[in-house]
Amino acid sequence: MNPLSALRLLVPLLAATQSAPAAAAPLPIGQVQGAAASSPLAGQPVQVTGTVSADFRDGLGGLYVQDGGDGDPATSDALFVQAADGFAFPVALETGTRCRFHGRVVELESRGGGGVTALQVDRIDRCTPADPVQARPLAALPADWEALEGMRVRIDAPLTVTGSDALARFGELAVSFDGRQWQPSELAPPGSEAHAALVRGNARQRLLLDDGSQQRDPDTIAWLDGRDTPRTGSVVHGAEGIVDHRHGGWRLQLVSPPRIDAAPRPAPPQVPGNVRVAAFNLENLFNGDGRGGGFPTERGAKTPQALDAQLAKLVAAIRGLDPDVAALMELENDGYGEASSLARLVRELNADGARWHYVDAGRGPGVDTIRVGMIYRDDRVLARGAPAVLEGGPFGERSRVPLAQAFQRRGGGKDFVVVANHFKSKGCSEAEGADTDHKDGQGCWNALRVDSAQRLHAWLQSAPLGAGRERVVILGDFNAYAMEDPVRWLREEGGWTDAFAPDGAAPAGARPYSYVYQGLSGRLDHALLSPALRPHLRGAAEWHVNADEPDDAGYAARNVPGPWRSSDHDPLLLGFDL
């Protein structure tokens, strides 16, 4: 601060000081904060002396001050300061100014639980220029964030981006001190102690990088400094800001742009074998009336131009996978005519001379707004006989109707069967009784998904496509993570083999995932093999073109060219020697 600016600041404040009555000596900020989550002096009038370390008046409605410490490592030496009713901060109050702050200690509550210890000031005096507050370096996850609340820190440890779904809405990015974070029910049975330990570990390692504002849907994120939203798996270095606890979690209100090492985008997967089978949730492929009208649609693209952009991404993804057969989810349930969304997708795929066909089940299948479907390259495989669908029970308005089709590799070999599936989602609308959320990590409709898995298994045991077709793969979006009841039942009771962990649990370094939700990675999409097909598996891979990508890379926003964020699920690819 130059001398003239300091003088302009000090004149009104010194005048206020001369007219103010004598007061008790200021307290160290650490005594105001205390060692617990709430201040021992909540509701009481106090005064503290500290240096302004960060100014978020335009965002959070206040500023942070920090003093030299009270010698107790269990207490924070910084405090959030906001103006009491009828008081206004001096306009010239700047970062790096040391003042005495008079006010009442309060605990500010926020959505999602937790809060901030704050001082609601009604008087500020004795202001002088001071040395800027230096950020405390953190080489690792601190033992206790509470002891750092409000303090300016610099995190020298690498932070892994675990999810960006809240960045565009709230300006916050989820990161972790311990690499990618996993859905607990991907790794441990829900309700188990191991599951609970994973929940606690995720919470402990998690941090949010925030933009220092309460603004909803901000136009820009200042700390990104013009860069695109980073992919999950990117690494953040040198994050500097104020430790803050709002909306149920610890966060760092950034004061400058950190360095971000972007996670690379992966090349298309390669799997050995002479037959390639894929599964892909298309995230609501709807095409209006199929003739260029009928927009906006109930789901998916809102305009014909948006549909063109969506199709371009989906075609790029499917061509990159290069499967012989692909099971598809979230197609508009609009029949099999030339105006259907499925027919439109196949026409786009064949624009380069390929020979894609779709399986025509003759009806729906099912009554839901969306359905499953299946496409195949008839220059590589032959569709053998009529398809079959499983209707009734949970399959209809809840779980989507499964679709099964037998194929044979051109050149010979026994038939193999592909079954496309899409079980009921975890949303709680209309859930009752056993289908409500039991708070074990599996969400709503778990009982219905288990019923769906059991009925699917019994149906396939009845040979719906005819005897002698025991080589079967069931794949698609099961809306259940790997250790949740529906998928565990199919493996442990039904005898189906997980194609991504055929010999047991996948090694940590190669742990599969197809979906990222609220900063946690896991698999909602699975491929399970019958005992007769298991020996023919040669490889399994996911193509992480979607789950790690920020939502704004999709066709409805920035529309990054290529397959990136063509859906919210990653496609999977299997290789068989048949």
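Predicted model: local features only at pLDDT ≥ 70, side-chain atom pairs only at ≥ 80, totals over all residues.
Reader: What is the strand order in the open sheet of 9 strands?

Author: The order is 6-7-12-13-10-9-8-11-14, and the pairing is mixed.

Reader: Which strands stand at the edges?

Author: Strand 6 and strand 14 (259–261) do. Each has a single partner strand, so one side of each is left without a neighbour in the sheet.

Reader: And the twist, what does it average from one strand to the next?

Author: The average is 40°.

Reader: Which way do strand 6 and strand 7 run?

Author: Strand 6 (residues 136–138) and strand 7 (residues 152–155) run parallel, joined by 3 bridges. R136 has V153 of strand 7 as its bridge partner.

Reader: How many bridges between strand 7 and strand 12?

Author: There are 4, in the antiparallel sense. Among the partners, R152 is bridged to I242 in strand 12.

Reader: Which strands does helix 5 touch?

Author: Helix 5 (residues 193–205) packs on the sheet and touches strand 9 (173–176) and strand 10 (206–210). The direction of helix 5 makes about 35° with that of strand 10.

Reader: Changing topic. Which residues of helix 9 are buried?

Author: In helix 9 (residues 485–492), the buried residues are P486, V487 and L490. They lie on the same side of helix 9, because they cover an arc of only 95° around the axis.

Reader: What covers them?

Author: The cover includes helix 8 (446–461), strand 22 (472–477) and strand 26 (525–529).

Reader: Now aromatics. How many pairs?

Author: The count comes to 11 aromatic pairs.

Reader: Where do Y336 and Y358 sit in the chain?

Author: Y336 is in the loop between strand 16 (325–332) and helix 7 (341–349), and Y358 is in strand 17 (residues 356–358). They are 22 residues apart, so the pair links distant parts of the chain.

Reader: Is Y336 buried or exposed?

Author: Y336 is buried, with a relative accessible area of 11%.

Reader: Which residues cluster with F80?

Author: F56 and Y64 form one aromatic cluster with F80. The ring of F80 also has the charged end of R246 over it, 4.9 Å from the ring centre.

Reader: And which ring does R180 sit over?

Author: The charged end of R180 is over the ring of Y513, 4.0 Å from its centre.

Technical notes
Residues numbered from 1 in each chain as written. Heavy atoms only, no water. Buried < 20%, exposed > 50% of the residue type's maximum accessible area, 1.4 Å probe, protein only. Helix = DSSP H or I, 4+ residues; strand = E, 2+ residues; numbered from the N terminus. Arc of directions from axis to C-beta. Contact = heavy atoms within 4.5 Å. Pairing = 2+ DSSP bridges. Phe/Tyr/Trp six-rings, centres within 6.5 Å; stacked < 30°, edge-to-face > 60°. Lys NZ or Arg CZ within 6 Å of the ring centre and 35° of its normal. Axes fitted to C-alpha atoms, helices over the stretch in contact; angles between N-to-C directions.
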